[in-house]
Amino acid sequence: MLTEVLERAAAARGGVLGVEPGLVIEPDESWTAVADLVREPYVPLGELVDETAARWNAPPPR
């Protein structure tokens with residue numbers, strides 16, 4: 001039954017379930033895995049927050 005529902009959903013979306021194929025990329029040297037962002041001491045996450053704040057001229061989160 002679930003398979004049939006998923007097949008109908010995929011057909012309604014042109015055969016695509018989940019992420020559209022064009023939105024998927026291959027990681028390169030600039031890529032940071034989510035697992036690395038959420039692992040203590042959270043250095044990559046802090047860097048990402050700082051870079052984003054600087055890009056958008058936003059105050060730091062509190």
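Visitor: Which residue has a side chain that meets the side chain of aspartate 36 in a salt bridge?

Guide: This is a predicted model, in which local features need pLDDT of at least 70 and side-chain atom pairs count only at pLDDT 80 or more, while totals for chains, interfaces and linings use all residues. Residues are numbered from 1 along each chain as its sequence is written, and side-chain values use heavy atoms, with hydrogens and water left out. A salt bridge is a side-chain nitrogen of Lys or Arg within 4 Å of a carboxyl oxygen of Asp or Glu. At 2.7 Å from N to O, the side chain that meets aspartate 36 belongs to arginine 39.

Visitor: How many salt bridges does a search of the whole structure find?

Guide: Side chains of opposite charge can pair when their charged atoms come close. A search of the whole structure gives a count of one.

Visitor: Which residue is joined to glutamate 40 by a cis peptide bond?

Guide: The residue in question is placed in the loop between helix 2 (34-37) and helix 3, where helices (H or I, at least four residues) and strands (E, at least two) are DSSP runs, numbered from the N terminus. The bond has an omega of about 10°, and the residue that it joins to glutamate 40 is proline 41.

Visitor: What is the phi of tyrosine 42?

Guide: Tyrosine 42 also has its place in the loop between helix 2 and helix 3, and its relative accessibility of 38% is why it counts as partly exposed. Although tyrosine 42 is a residue other than glycine, its phi is positive, near 65°.

Visitor: Which helix gives the largest share of the nonpolar patch?

Guide: Patches are made of residues with over 30% relative accessible area and no salt bridge, with like charges joined within 9 Å and nonpolar side chains (Val, Leu, Ile, Met, Phe, Trp, Tyr) within 5 Å. Here Val34, Val38, Tyr42, Leu45, Leu48 and Val49 form such a nonpolar patch on the surface, with about 490 Å² of accessible area together, the areas coming from the Shrake-Rupley method with a 1.4 Å probe and, for residues, only the protein chains shown counting as cover. One of these residues, leucine 45, lies in helix 3 and counts as partly exposed because its relative accessibility is 32%. The largest share of the patch, three residues, comes from residues 43-55, that is, from helix 3.

Visitor: How many residues of helix 1 are buried?

Guide: Helix 1 covers residues 2-12, eleven residues in all, and lies largely in the open. That is so because the number of buried residues in helix 1 is one.

Visitor: What is the radius of gyration of the protein chain?

Guide: The protein chain has three helices and zero strands, and along the sequence these follow the pattern α-α-α. The globule rule, 2.2 Å times the number of residues to the power 0.38, is set against a radius of gyration taken over C-alpha atoms. For 62 residues the rule gives 11 Å, and the protein chain is more spread out than a compact globule because its radius of gyration is well over that value, at 19 Å.

Conventions
Buried means under 20% relative accessible area, exposed over 50%, partly exposed in between (1.4 Å probe, protein chains only).
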